[in-house]
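Visitor: I am new to this structure. Please show it to me, and then I will ask about its parts.

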Amino acid sequence: MSITIDNLTVEVDGPEGRTLLLDSVTADLDAPRIAIIGENGSGKSTLTKAIAGLVQPTAGKVAVNGIDTVGQAKRLRRAVGFVFANPGAQTIMPTVREDIALTLRGRKLSREEISARVEEAIREHELEDLADRPCHALSSGQMQRLALCSVLVGEPDLVIADEPTSLLDARHRRIIARRLLEPAAPQVLLVTHDLDLARHCDQAVLIADGSLAEQGDPAHVIDCYERILA
Ligand SMILES: Nc1ncnc2c1ncn2[C@@H]1O[C@H](COP(=O)(O)OP(=O)(O)OP(=O)(O)O)[C@@H](O)[C@H]1O
């Protein structure tokens, strides 16, 4: 899918007046695996939320495969899966199994088909031991694995994942990185502070102070970022 970001500006009203979060960001993102990098508070999550239609532009436009992120929310929701940085924000159902199944509700699938896909996802994500556990009783890392599983089971065309490995141990970080980067994975756009993960993507974007500072080949973009950090 191609993500077209055209002069995207996002401002919010706060107690201290209007704050500019993104300033005229323009980019064309179409690689299979895209990394968004940058310092804390630079605007990465805001950008991904705008791409997913969760944050409205103050000015400019964002389109995902021609679907305008404003006014076409239903079409966008079917095409794009969003994994929040705080996975607790998206676990809704009482148990792990029910939470995964929720993604498939409202699709034209029989109860048996839903059950088969849920069980397969549970196996793939090694969540067997947790399947009947209440979501609120999961550790943060387990919750993050569930959040990703619940999005991937819906087979979205594009997965946007905000720091999807930030809460994981080394083993699960590797497993999830492999899963997101494998050729059979859906298109992935990730926000990450893990520069090694970013290096394995096909395209990278550096956000600094709400502006697009660099985009292109990950090795080049990471070099630019490291120069800013030096
Ligand atoms: N609703 C809001 N109201 C006011 N300020 C906000 C709002 N949402 C985000 N911000 C501010 O906008 C800036 C960018 O936030 P954002 O979450 O996009 O950063 P980020 O690059 O994802 O950071 P991090 O790496 O820490 O997750 C931050 O300074 C944040 O405090």
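Visitor: Over how many bridges do β6 and β7 pair?
Guide: This is a predicted model, in which local features need pLDDT of at least 70, side-chain atom pairs count only at pLDDT 80 or more, and totals for chains, interfaces and linings use all residues. Residues are numbered from 1 along each chain as its sequence is written. Strands (DSSP runs of E, at least two residues, numbered from the N terminus, as helices are from runs of H or I of at least four) pair if DSSP finds at least two bridges between them. β6 and β7 run parallel, with V83 opposite A161 in β7, and the number of bridges in this pairing is four.

Visitor: Is strand β7 largely enclosed or left open by the rest of the structure?
Guide: A residue is buried if 20 or more other C-beta atoms, placed from the backbone, lie within 10 Å of its own, exposed if 12 or fewer, and partly exposed in between. L158, I160 and D162 point one way from β7, V159 and A161 point the other way, and all are buried. Because five of the five residues of β7 (158–162) are buried, the strand is largely enclosed.

Visitor: Which strands stand at the edges of the six-stranded sheet?
Guide: The sheet is open and mixed in its pairing, with the order β6-β7-β8-β3-β9-β10. A strand at the edge has a single partner strand, so one side of it is left without a neighbour in the sheet. That is the case for β6 (80–83) and β10 (211–216).

Visitor: How many bridges join β3 to β8?
Guide: β3 (residues 33–37) and β8 (residues 187–191) run parallel. One of the pairs puts R33 with V188 of β8. The number of bridges is four.

Visitor: At about what angle does helix α8 run to β9?
Guide: Axes are lines fitted to C-alpha atoms, for helices over the stretch in contact (C-beta atoms, placed from the backbone, within 7 Å). Angles run from 0 to 180 degrees between N-to-C directions. Helix α8 (residues 218–229) lies across β3, β9 (203–208) and β10, and its angle to β9 is about 20°.

Visitor: Which element gives the most to the shell around the ligand?
Guide: The residues around the ligand (C-beta atom, placed from the backbone, within 6 Å) include V12, G14, K44, S45 and T46. β1 (3–14), β2 (17–29) and α1 (44–51) each supply at least two residues of the shell. The one that gives the most, with three residues, is α1.

Visitor: Which residue in β2 is the bridge partner of G14?
Guide: β1 and β2 run antiparallel and are joined by nine bridges. They belong to an open sheet of four strands in the order β2-β1-β4-β5. The partner of G14 in β2 is G17.

Visitor: Does A116 count as buried or exposed?
Guide: A116 is in helix α4 (residues 111–124). Its C-alpha atom is separated by 44 Å from that of V12. Because A116 has 12 C-beta neighbours inside 10 Å, it counts as exposed.

Definitions and conventions
Contact = placed C-beta atoms within 7 Å.
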